[in-house]
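Me: I'd like to learn how to read a few features in the structure below. Could you take me through them one by one?

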Amino acid sequence: MPRRHIRVSGAPEAPLRAALTALRTELGVPETFPPEVLAEAERSTKAPALPSYDATDIPLFTIDPPAAIDLDQAMHLSRQGTGYRVRYAIADVAAFVVPGSALDAEAHRRVTTLYFPDERVPLHPAALSEGAASLLPGQIRPAALWTLDLDADGRTLAVDVRRALVRSRAKLDYAGVQRQIDSRTAEEPLALLQEIGELREALEVERGGISLKVPEQEIVDRDHTYELAYRAPLPADGWNAQISLLTGMAAADLMIAHGTGVLRTVPAAPDGAVGRLRRTAHALHIDWPHHVSYARLVRTLDPHRPHHAAFLQECTTLLRGAGHTPFRDGNLPQITTHAAVAAPYAHCTAPLRRLVDRYASEICLAAVAGDAPPDWVLASLDALREEMAEGARRAGAVERECVDIVEAALLKDRVGEVFDGCVVDVEERQPTIGTVQLESPAVIGRIEGDGAPLPLGERLRVRLTRADEGAGTQAKVRFAPA
């Protein structure tokens with residue numbers, strides 16, 4: 001499920017950042033790693049388990065946000081006959097983390113990297129996630145190196161994955177990649193990102209898949225007030241995501257064929273949820289003819305437009321029920337597909353940030369080699385479902401509370417003002433209480449009326465009655481019918 005990206009700038013002592021610090025304390029988010037984990041991480045950087053296969057001649061490159069240094073993936077793209085070859089290197093965390101060690105136990109406790117608007121709380125110590133395991137440019141690193149051969153239409157022909165030593169040549173960012181491709185100054189390995197990405201997007205449309213272009217919000221602190229800005233995803237963001245999706249789909253196919261694995265599954269949305277989304281689209285003046293599918297509509301939306309951005313945020317509700325589903329011995333789960341991908345899919349491309357990806361890589365490496373997965377993988381496979389579910393609940397709580405705090409900070413000087421909104425949820429037993437989404441800015445908040453039931457899916461003028469940054473989970477935004 002797409003995260004609601006929110007970034008905050010400003011001094012650490014600013015009220016908003018102070019509230020976020022208080023939230024981390026209230027939620028029990030660890031400020032640092034235990035000394036024995038840090039010591040173990042330092043030792044592992046000096047003696048990793050390195051593979052014998054040397055692929056450092058492949059001129060890989062990474063594409064990440066400019067400030068990122070925890071680099072999970074590096075790629076190289078080339079033509080292969082009438083089709084293409086995708087080389088995708090994924091950081092090999094298992095080269096540093098010994099099963100059953102203190103470092104491993106801490107990763108199982110944290111499960112995922114947690115993202116706050118002002119900082120992130122990493123899954124692994126910086127010595128690994130930002131150092132020895134990160135695919136930083138100019139550094140030789142162990143990796144799981146995927147080779148995916150595609151035909152002229154971008155369909156997968158052959159898949160291989162093996163451990164290898166790799167070396168990235170360049171650290172690129174999305175805006176720079178977009179500029180190079182648009183100006184036609186990109187060399188072929190980068191220029192092919194658009195070509196392959198667009199082919200994979202066309203295949204996504206064909207199979208009924210969905211990629212939500214949810215805009216990133218940035219709250220900027222200026223003279224003790226906050227302003228909201230948006231960063232809509234660039235085409236390069238989508239093309240890059242298609243390479244990760246391609247690899248995750250290949251991983252899922254390998255696991256299913258091998259009979260053991262852990263899939264990322266999302267059930268299809270119930271009809272009632274789609275119906276409610278249609279009413280929301282109508283209220284936001286988004287034309288959604290009945291003959292047009294949800295997947296097709298989403299592709300027409302422009303995240304630069306406030307009412308489209310508001311609708312895209314609400315679209316994420318159709319992806320509820322996501323989970324990690326392990327299986328073994330050929331006993332496939334009842335659901336093997338990811339509804340948004342419209343195909344089997346597995347998380348395997350972000351092991352520096354997600355626990356399950358380390359296990360998925362091991363299963364795929366074993367499948368290609370014709371071996372059984374390592375005993376330590378099989379021993380933990382069943383527990384991964386609940387561990388990842390708990391990690392997702394924790395990340396969800398962080399996101400909800402952060403959104404609440406940030407939106408309160410954004411609106412704190414506008415109490416009493418009236419906004420155009422849309423009622424996107426109503427409590428079944430108390431129809432005068434629900435959730436309203438403003439058309440602009442794209443804020444979501446609780447609305448409480450004292451008269452008629454709230455009109456679900458319809459436009460409504462609402463008055464801001466409360467916007468208290470507070471501290472921790474006490475931050476609240478409240479509206480009432482105007």
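Me: Which residues in helix 7 meet which residues in helix 11?

Reply: First, some ground rules: this is a predicted model, where local features need pLDDT of at least 70, side-chain atom pairs count only at pLDDT 80 or more, and totals for chains, interfaces and linings use all residues. Residues are numbered from 1 along each chain as its sequence is written, and side-chain values use heavy atoms, with hydrogens and water left out. Helices (H or I, at least four residues) and strands (E, at least two) are DSSP runs, numbered from the N terminus, and contact means heavy atoms within 4.5 Å. Here A251, L254, M255 and H258 of helix 7 meet A360, I363, C364, A366, A367 and V368 of helix 11. That contact divides into nine nonpolar residues, one polar and no charged. The classes work like this: Ala, Val, Leu, Ile, Met, Phe, Trp, Tyr, Cys and Pro are nonpolar, Asp, Glu, Lys and Arg are charged, and the others, Gly among them, are polar.

Me: At what angle do helix 7 and helix 11 pack, and how far apart are their axes?

Reply: Axes are lines fitted to C-alpha atoms, for helices over the stretch in contact, and angles run from 0 to 180 degrees between N-to-C directions. Helix 7 (residues 235-258) packs against helix 11 (residues 355-369) at about 60°, and the axes are 9 Å apart. That makes helix 7 oblique to helix 11; the scheme calls angles under 35 degrees roughly parallel, over 145 roughly antiparallel, 65 to 115 roughly perpendicular and the rest oblique.

Me: And which hand does the crossing of helix 7 and helix 11 have, left or right?

Reply: A crossing is left-handed if the near helix is turned anticlockwise from the far one by less than a right angle, and right-handed if clockwise. Helix 7 passes helix 11 in a left-handed crossing.

Me: How does helix 11 pack with helix 12?

Reply: Read it the same way. Helix 11 and helix 12 (residues 375-411) pack at about 145°, with axes 10 Å apart, and the crossing of helix 11 with helix 12 is left-handed. On the helix 11 side you'll find L355, V356, R358, Y359, E362 and I363, which meet W376, V377, S380, L381, L384, E387 and M388 of helix 12. Sorted by class, the contact of helix 11 with helix 12 has nine nonpolar residues, one polar and three charged.

Me: On to charges. How many salt bridges are there in the whole structure?

Reply: A salt bridge is a side-chain nitrogen of Lys or Arg within 4 Å of a carboxyl oxygen of Asp or Glu. A search of the whole structure turns up 28 of them. Take R120 and D70, whose side chains meet in one at 3.7 Å, N to O. This pair links distant parts of the chain: R120 is in strand 6 (residues 120-121), while D70 sits in the loop between strand 2 (60-63) and strand 3 (73-80), 50 residues apart.

Me: Which residues are linked in a network of salt bridges?

Reply: The network joins D64, D70, D72, R120, E130 and R353.

Me: Last one: which phi value does D329 have?

Reply: Most residues other than glycine have a negative phi. D329 has a positive phi of about 55° although it isn't a glycine. D329 lies in the loop between strand 12 (323-327) and helix 11 and is exposed, at 64% relative accessibility. A342 is found in the loop between strand 12 and helix 11 too, with a positive phi of about 60°. A342 is partly exposed, with a relative accessible area of 28%.

Notes: Buried < 20%, exposed > 50% of the residue type's maximum accessible area, 1.4 Å probe, protein only.
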